Amino acid sequence: MTSFLAKFHFHNIFLNSSSIMSMVMEEFHDYTNMFLLLIITFIFLVIFRIFISKFTNYTFKENTNLEIIWTIFPMIILFLIAYPSLYYLYLFDLSVNPSVTTKVFGAQWYWIYEKFDFKEGNSYSSYMLSDLDLLKENPYKMGWRLLETDTRMIVPFGTEIQCLTTSMDVIHSFSVPELGIKADAIPGRLNSINFQISKPGIYYGQCAEICGTGHAFMPICIEAI
C-alpha cells in the first residue's frame, strides 16, 4: 500500500507558472502586494504610536500640509499600480501572428476542439475519464481524478497560440490556471485569448462557470509538445 501511494503524483497546491502570461501576472501580483504590505505596515505603526503616546492635542483641527501629503501619496501609489496594469492588459489582448489557432466549443458537459485550418477530421471531442477508465489505463494516475480526459488538446510549446472560445448551449469558461488563461465561452459570441507555453508538459484546467449539474465534470487537458 505504501509503495502504491508513493508512486502517486498529485498536483502541487501552488502551481508553477508555465506561460509568459502567467509569469507576468505573478510578477504583477507580487508588485501590488508590495504596496499593500507598505500601507498596512504604515497604518499599524500609526495606530501603535497613537496607543503609546501620552500626549493629546485637543486644539488640532486642520493641517494643510498633512492634507496635501495624504492626497498626493495615494495618487502616486494608484498611478504606479494602474500604469503597469493597463499596459499588461493591452499586451495580453495583442495578437502577433499566432502560429496555431484552435477553436474551443463548450458543451454540456464536454469540450470540442477544432483546428482552424478548415480541413475535414480536424474536430474532436474531449470527455472526462471515469474512475474505472482511469484505473484501467493506469492505476497510478488516480491523482488526476476528475482532470484526465480521453483526448487532449495538443499544441506546440514556445510558439504563439490563439484560442477562440464559444459555446453550443449555456455559458462556460475555458480556464487553465497554470497557463494563466481564462476565457468565457458564450453562445453566439466568439472570444479570443492568446498565450505561449514556455515548456512541454501536460496542463489541467476546468470549466470556471457554473453550467449545470455536470459542471464539475468538464476538465481541460492541454498537452504541449
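1. Helices (H or I, at least four residues) and strands (E, at least two) are taken as DSSP runs, numbered from the N terminus. The expected span of a helix is 1.5 Å times one less than its number of residues.

2. This is a predicted model, in which local features need pLDDT of at least 70 and side-chain atom pairs count only at pLDDT 80 or more, while totals for chains, interfaces and linings use all residues. Residues are numbered from 1 along each chain as its sequence is written, and side-chain values use heavy atoms, with hydrogens and water left out.

3. Helix α2 covers residues 20-52; at 1.5 Å a residue its 33 residues should span 48 Å, and the end C-alpha atoms are 48 Å apart, so the two agree. Met21, Ser22, Val24 and Phe35 of α2 are buried (buried means under 20% relative accessible area, exposed over 50%, partly exposed in between, with a 1.4 Å probe and protein chains only). The buried residues of this helix pack against α3 (64-93), β7 (181-185) and β8 (191-195), where contact means heavy atoms within 4.5 Å.

4. An unreviewed UniProt entry lists residues 31-52 and 64-90 under "transmembrane region"; UniProt positions are given in the numbering used here, feature names are shortened, and annotations may be inferred rather than shown by experiment. In the model, residues 31-52 are 100% helix and 0% strand, with end C-alpha atoms 32 Å apart. Residues 64-90 are likewise 100% helix and 0% strand, and there the end C-alpha atoms are 39 Å apart.

5. Serine 99 sits in the loop between α3 and β1 (100-107). Its relative accessible area is 55%, so serine 99 is exposed. Leaving aside residues up to four places away in sequence, serine 99 touches Thr159 and Glu160. Proline 156 is 57 residues from serine 99 in sequence, yet the C-alpha atoms of the two are 9.1 Å apart.

6. The structure holds three salt bridges (a side-chain nitrogen of Lys or Arg within 4 Å of a carboxyl oxygen of Asp or Glu). Arginine 152 pairs with glutamate 148, with 3.1 Å between the closest N and O atoms, and both residues are buried. Arginine 152 also meets glutamate 223, at 3.3 Å from N to O. Arginine 152 lies in the loop between α4 (131-137) and β4 (153-155) and glutamate 223 in strand β10 (residues 219-224), so this pair ties together parts 71 residues apart in sequence.

7. Lysine 182 forms a salt bridge with aspartate 184, the closest N and O atoms being 3.8 Å apart. Lysine 182 is partly exposed at 48% relative accessible area, and aspartate 184 is partly exposed at 29%. Shared partners join Glu148, Arg152 and Glu223 into one salt-bridge network.
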